[in-house]
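Subject: A structure for you to look at

Dear colleague,

I am passing on the structure below, and after it you will find my notes on what turned up when I went through it. Please read them with the structure open beside you.

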Amino acid sequence: MIAEALERRSSFNVIHLATMLKLDVFLLRATAYDREAFQRAQALSRTTEAMPAVFASAEDVVLHKLLWYRMGDEVSERQWHDVLGVLRVQGDLLDGAYLRR
């Protein structure tokens, strides 16, 4: 799956079987938005130089979820509920100007 995702510049999942924690890994695409989103990504304090990991900002999670919602003919309850969940949890912490732009 990883090799195919690299070839297609798409995404793949990694699952930690002991905890069933699932991570979605998205490869950086060559668009201006993707480059900006990557610059906004945030490292967790538990990552190390040997094992760096960055995570999309809450704003970019919302924007990607809205994009997937639109691409799916705006019928995916999961994407819509995920957006509402991020908005509910992050609230005023979100960068509204970035989201509007």
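I begin with Lys65, which, once residues up to four places away in sequence are set aside, touches Gln79, Asp82 and Val83. Lys65 has its place in helix α3, and with a relative accessible area of 15% the residue is buried, because anything under 20% is counted that way. Please bear in mind throughout that this is a predicted model.

Two packed helices are described by the angle between their axes and the distance between the axes. For helix α3, which spans residues 58-71, and helix α4, which spans residues 77-90, the axes come within 9 Å and cross at roughly 160°. That angle makes α3 roughly antiparallel to α4, because angles over 145 degrees are classed in this way. The crossing in which α3 passes α4 is left-handed. On the α3 side, the contact is made by Ala58, Val61, Val62, Lys65, Leu66, Trp68 and Tyr69, and on the α4 side by Gln79, Trp80, Asp82, Val83, Val86, Leu87 and Gln90.

The residues of the contact of α2 with α3 divide into three nonpolar, one polar and four charged.

Between α3 and α4 there is a loop, and Asp73 is found in it. Although Asp73 is not a glycine, its phi is positive, at about 60°. Asp73 counts as exposed, because its relative accessibility is 65% and the cut-off for that class is over 50%.

Arg9 is not a glycine either, yet has a positive phi of about 55°.

Ser10 lies in that loop as well, between α1 (2-8) and β1 (11-16). Is Ser10 buried or exposed? At 15% relative accessibility, Ser10 counts as buried, since the value is under 20%. When residues up to four places away in sequence are not counted, Ser10 touches Ala5, Val25, Phe26, Leu27 and Arg29. The side chain of Ser10 also makes a polar contact, at 3.1 Å, with the side chain of Arg8. As a point of orientation relative to another part of the chain, Ser10 and Leu84 are 74 residues apart in sequence, and their C-alpha atoms are 25 Å apart in space.

Turning to the strands, Asp24 is found in β2, which runs over residues 21-26. Asp24 is partly exposed, with a relative accessible area of 44%. Leaving aside neighbours within four places in sequence, Asp24 is in contact with Phe12 and Asn13. Asp24 and Val14 are ten residues apart in sequence, with a C-alpha to C-alpha distance of 6.5 Å.

Finally, some values for the protein chain as a whole, against which the local details can be read. Its secondary structure comes to five helices and four strands, and from the N terminus on these elements run in the order α-β-β-α-β-β-α-α-α. The C-alpha atoms fill a box of roughly 35 × 30 × 30 Å when taken along the principal axes. Of the 101 residues in the protein chain, 19% count as buried, and Ser10 and Lys65 are both classed as buried. Among contacts in the protein chain with a separation of 6 or more, 30% are accounted for by residues 24 or more positions apart.

Terms used. Residues numbered from 1 in each chain as written. Predicted model: local features only at pLDDT ≥ 70, side-chain atom pairs only at ≥ 80, totals over all residues. Heavy atoms only, no water. Axes fitted to C-alpha atoms, helices over the stretch in contact; angles between N-to-C directions. Helix = DSSP H or I, 4+ residues; strand = E, 2+ residues; numbered from the N terminus. Parallel < 35°, antiparallel > 145°, perpendicular 65-115°, else oblique. Left-handed = near helix turned anticlockwise from the far one by under 90°. Contact = heavy atoms within 4.5 Å. Buried < 20%, exposed > 50% of the residue type's maximum accessible area, 1.4 Å probe, protein only. Polar contact = N/O pair within 3.5 Å; in protein donor to acceptor, adjacent residues only side chain to side chain. Nonpolar A, V, L, I, M, F, W, Y, C, P; charged D, E, K, R; others polar.
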